[in-house]
Amino acid sequence: MPIRVRSLEVIDTSILSPHLKRITLHGKDLADFPTDAESGYVKALFHPQGLPVVDADTAKSAVKRSYTVRAFRAETRELDIDFVLHGDLGPASAWARAACVGDVLAIAGPGPTKLADADADWFAFFGDLSALPAIAVNLQRLPEDALGYAFLEVPSKDDCVDLEKPPGVRVEWIINAQPDIYSDELFQCLEKLQWLDGAPYIWVAGEFELMRSARKTLKSLKSAVHGKYVSSYWKIGATQEGLQKAKALEEVKSALRMS
Ligand SMILES: Cc1cc2nc3c(=O)[nH]c(=O)nc-3n(C[C@H](O)[C@H](O)[C@H](O)COP(=O)(O)OP(=O)(O)OC[C@H]3O[C@@H](n4cnc5c(N)ncnc54)[C@H](O)[C@@H]3O)c2cc1C
């Protein structure tokens, strides 16, 4: 099936923190973009050399990078995406660092939302900067009386951005100045999580190793949790294509363990 490509223009950019840049995209192709897609993801399309794809003809051979829909304003057809600035090795990060008003970006999607089930008794979110946009949407949408935690790993103190959240959800920041070296501090927060009454929704996303460790831990807690979302958003030393291969291998290993 041909990919539905939406060709958009950058109409605003803002530096949220030293490693996070919000890019606001606009275009008539957003006329039928779903209004309930926040926390879901789109695929940003790039030529392998790093230049953005601008039309459907070249989309098939494009390099695809997943990005969370941080906000969508249907009335003005504006889509906010928060890009982690992790260097110029990847086409998406390199594009985002340099992006300015008038630049173009093609996207496909959106995919399904990543929202915690609001019926859980309490909530615990774990994520690094790549998952911060999705966690931010989740926190914004929790009921006002929600209880729980959000543990966030960021590269510097200045990346601890303000988050809109219910008062009963405590945010804890973990600083890891070298995200390209795996630190298990975020995972340890999950291991040592102080449980509240009832069954929680546990939401985990970030580097591949975090996902792998978290899955093992959550397996043993199966009956105690209301629901869970565990996903890897990137992998140290691998492009997103490498991440997909590692994820597929992990699925096979997990299926073999179960058989
Ligand atoms: C569902 C989903 C939603 C996502 N939402 C967001 C989002 O809203 N914002 C966001 O910034 N990212 C998000 N990501 C992660 C993003 O897709 C990856 O970080 C992607 O690899 C970036 O592409 P790239 O072209 O910059 O780097 P790639 O070409 O994929 O990788 C190049 C190099 O950069 C390294 N790298 C990649 N990502 C990071 C990182 N975050 N920190 C440090 N080093 C990194 C790789 O290890 C590799 O060595 C999401 C991923 C998924 C699956």
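Let me begin with burial: a residue counts as buried under 20% relative accessible area, as exposed over 50%, and as partly exposed in between, with a 1.4 Å probe and protein chains only. The model is predicted, so local features need pLDDT of at least 70 and side-chain atom pairs count only at pLDDT 80 or more, while totals for chains, interfaces and linings use all residues. Residues are numbered from 1 along each chain as its sequence is written, and side-chain values use heavy atoms, with hydrogens and water left out.

Serine 213 sits in helix α5, residues 208-220, where helices (H or I, at least four residues) and strands (E, at least two) are DSSP runs numbered from the N terminus. Serine 213 is buried because its relative accessible area is 17%, and beyond residues up to four places away in sequence it touches Tyr182 and Phe187, contact meaning heavy atoms within 4.5 Å.

Next, the cores: a nonpolar core is a set of buried Ala, Val, Leu, Ile, Met, Phe, Trp, Tyr and Cys residues joined through side-chain atoms within 4.5 Å. The largest one has 26 residues, of which Phe123, Phe125, Leu132, Leu139 and Trp203 touch the most other members. Two or more residues each come from β8, α3, β9, β11 and β12, and α3 gives the most, with five.

Finally, in helix α2, residues 91-98, the buried residues are Pro91, Ala92, Ser93, Trp95 and Ala96, and their cover includes β1, β2, β3, β4, β6 and β7.
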